[in-house]
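Welcome to my notebook. I opened this structure and jotted down what I looked up, one entry at a time.

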Amino acid sequence: MGYPAGWEADVILSDGGTAHIRPILASDGPRLLDFWDRLSERSIYLRFFGVRRGLSAADVRRFTVVDQSVRGALIALIGEDMVALAHWEGTAASSQEGTAASPQDGDAAVRPAGSAALPLDDPPAPPGGSALPAARSGPDGAALVRPASAAEVAFLVEDAQQGRGVGSVLLEHLAAAAWERGIRRFDADVLAENQNMIRVFLDAGYKVARQWDSGAVRLSFDIEPTETSVDVMRSREHRAEAASIGRLLRPRAVAVLGASRRPGATGNAVLRNLLDGGFAGPVYPVNPAAAADPGAVSSVRAFARVEDIDGPVDLAVLCVPPAETTEVVEACGRHGVRGLVVITDLRDEPAEATLAAAARAAGMRVVGPASLGIQNPAVGLNASLAGQMPPPGRIGCYSQSGPLGTAMLTAAETRGLGMSVFVSAGDRADISGNDMLQYWEDDPATEVALLHLETFGNPRKFARLARRVGRGTPVVVVRAGRSELDTALLRQAGVISVDRVPAGFDVAQLLASQPLPRGRRLTVIGDSRALVRLTVEAAEAAGLTVESVLLKLGSAPEPFAAAMLAAAPTSDALMVTVAPLPPQPVAPLAAAVASAAATLDIPVLAGVLGGTRIPELGAVPAYPSPEGAVAALREVVSYARWRSRPLGTVPALAVDLDTARTLVAGRSGPLDDEAGAALLACYGVEVEPMIRVDSADAAVEAARRLGWPAVLKARSRPYRHRPELGGQRLGLLDEAAVRAAWASLRDRVGPDAPLVVQRQVATGVPVVLGSEEHPRYGPLVSFGLAGPTTDLLGDRAYHILPLTDVDAERLVSSVRAAPLLSGYRGSEPVDVAALRELILRLARLADDLPDVARLMLDPVIVSVRGVTVLSAEVVVGPPPRRADAGPRRYWTAPVRAVDPIS
């Protein structure tokens, strides 16, 4: 069996560091011996139930030479060093019946806080027996083979790496690899005193059975992912990724590699910004020229190499020429640097991937390349090319684009807004918007997350994170050129989506400074008739319910404050229009508005004609135009409504998953009608039977079997799913009608077009449901009403899975033609509840079976008394690797834009 390259993964550990996991190789013998030499006697004892001084050549070979099927092993690397091992030992029937498949005594004894199996020639016996029962013998003395679906597992982690979550993440990857090889259960023998290792298994979220015997415990558990195990994995993922960002944004010491004495040089600018920002820790300039010309850069002692620095460095900022980046990254790894900000623009995707891989292998995460830099105003960290750094504030900013990152900083400065952090990802070889969402979820300093995104990277993970984070911290995304699926993803995740950076700050400053509105009622207060009228018109056009209070022109501050207090009980938001008119001072009016707003529990906005900044407004956000203020309020009203709705649940449905998997396994291409119907039946979806006929007599017989009235229709294109083209004959009540329909339809579609007979069902609203395994977004479902008009208008709604009951309701109501389902213009409402249940069943199928590349139910008739599926098209193929499924790993592959499904 070939090397399983798909099992390789870069992972983030619980403290924010990184490691590389891969299958073991025969060439790893020297690494294994070095690893063994670094282990303590205590670690070896807990793993092997005794002390073993060294490994023989046979021991090394037995462990490193595995088939990754019956016997498999993964290792964790940091740099070039093996720091952990994980191993499974299963059995499989061989060509010689009754022959053991190479089980080894001692392979199942397990070690602490992550250890791994090392098969030895003669391992010491544990108290009361061997570490692993030997293969059982039959009556003739031949070894009996254990079930191929089970495997003994063991782990071993270097002492210095314990407590970093290595064992937990290795267990996730070992379980996924073993499952791929047909293993369904793990067994492990652990000394009772080895509580750390026991906790690794018990805390993984699996249902673990325990048996105690002679100071040891046998742990057994099925390794199919469960809701609990996935929740545990994602919780660990969240903490690890947040910690990795925290290490970057709160360094104790910073080095600038490529620091220059030349004014205007990139390295000089970054160094000056770091020094001027007030960072309290040491800042080290690094430049090879310091070897020949010792001295200072910007009055700070310089070093020729990062390894020459006589103290730890948490963050290195790279401003070196592209050709030097590889060497510099390796040097940072050797010195123990914890994170990199790469200002250098490599302009080479393979070089970017190589840089990121080298950094992660050394335990470092990377911002960039082509990054503008990072800022954390609260600690005075300005590790960027930008001279301006906003004051500490509540808005966290992330930008994929350097120029738009500059625009963000400029917009914040212009409006007098503060930031919690600023990160410019550049070419995003590593750190992504998803990482920032993980960090911001728990960051007490960030109350609004503002991101500029060119791509989502891993869209399914983005939707999951944004939806979770958005329940407590609003997420605002600046993204131009959104596709249909991009729009669906942002909407379902509760993200506020805007097209421009200024619009993003319009929303962010309102969210950061004011409470959320409870509804859509807005009262506009002002003393300028024209300005009040413009604001009211803009608000009505935005779908808000508007009242207005027009004060006397030139009113004093007191009437404004009184009008605000009087309108607040019947309003969900207030908009105060301010038109500075000399010689009347505007400061007292602004102060009165701010004072009144501070006593209210609804948002207050100010429209300031001319866009003049008025410091006396305090926390009340000011907007230079009524349209901008109303647009921001409209988005916040929609967000507040989304946040107040229940998340819903993914309903538990009775399905026959084993049969469904059997029906699609190993197949490729379209399923025939019978197989497609059988697959859907596994999910409780019935497809109305149809019979293909090749003569009038056969059509009559089919109609008799299925029941009257009958339908005769063409199955070939363009007539399929296009009743308006005349490819159907409906309401056939008897034999004569069927024969007449046969003759008529043959004249219409030709002598060779396939025809089918089906029972005519109750009238209703025809709809189309679909699912697709999308290359970027993973499994998704779509919904729309059937017919060419709907197709022309693109009136389709999409949802990325999983789908809750609340999501299904929104999906149905989100298409423009949805009123046709609820009694449009006097028609009788149809059974929308049955339609939602059908969508949920389709979503469950799509989520369960990545082998189903495409499924279309067209048409589905939604009647007063339920739904009827008239036709199903199912296409299967090799299952893809889903981006947000399986064990924790980086999402590093560059993702190109993909058109939405049709």
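Predicted model: local features only at pLDDT ≥ 70, side-chain atom pairs only at ≥ 80, totals over all residues.

Entry 1: I began with a polar contact, in which the side chains of R467 and D807 are joined at 2.8 Å.

I then asked where R467 is found. I located R467 in helix 12, which covers residues 459–469.

Is R467 buried or exposed? Its relative accessible area is 15%, and buried means under 20%, so I wrote R467 down as buried.

Next I listed what R467 touches, leaving out residues up to four places away in sequence. I noted Q492, A493, W642, L647, H799 and T804, and D807 is on that list too.

**Entry 2: aromatic rings.** How many aromatic pairs does a search of the whole structure find? I got nine. I picked out W36 and F48, a tilted pair with 5.8 Å from centre to centre and 50 degrees between the planes. This pair links distant parts of the chain, twelve residues apart: I found W36 in helix 1 (residues 29–38) and F48 in helix 2 (residues 41–48).

I checked both rings for burial. W36 counts as buried at 3% relative accessibility, and F48 counts as buried at 1%.

I also came across a cluster in which ring pairs link F155, F186, F201, Y206 and F221.

Notes. Residues numbered from 1 in each chain as written. Heavy atoms only, no water. Helix = DSSP H or I, 4+ residues; strand = E, 2+ residues; numbered from the N terminus. Buried < 20%, exposed > 50% of the residue type's maximum accessible area, 1.4 Å probe, protein only. Polar contact = N/O pair within 3.5 Å; in protein donor to acceptor, adjacent residues only side chain to side chain. Contact = heavy atoms within 4.5 Å. Phe/Tyr/Trp six-rings, centres within 6.5 Å; stacked < 30°, edge-to-face > 60°.
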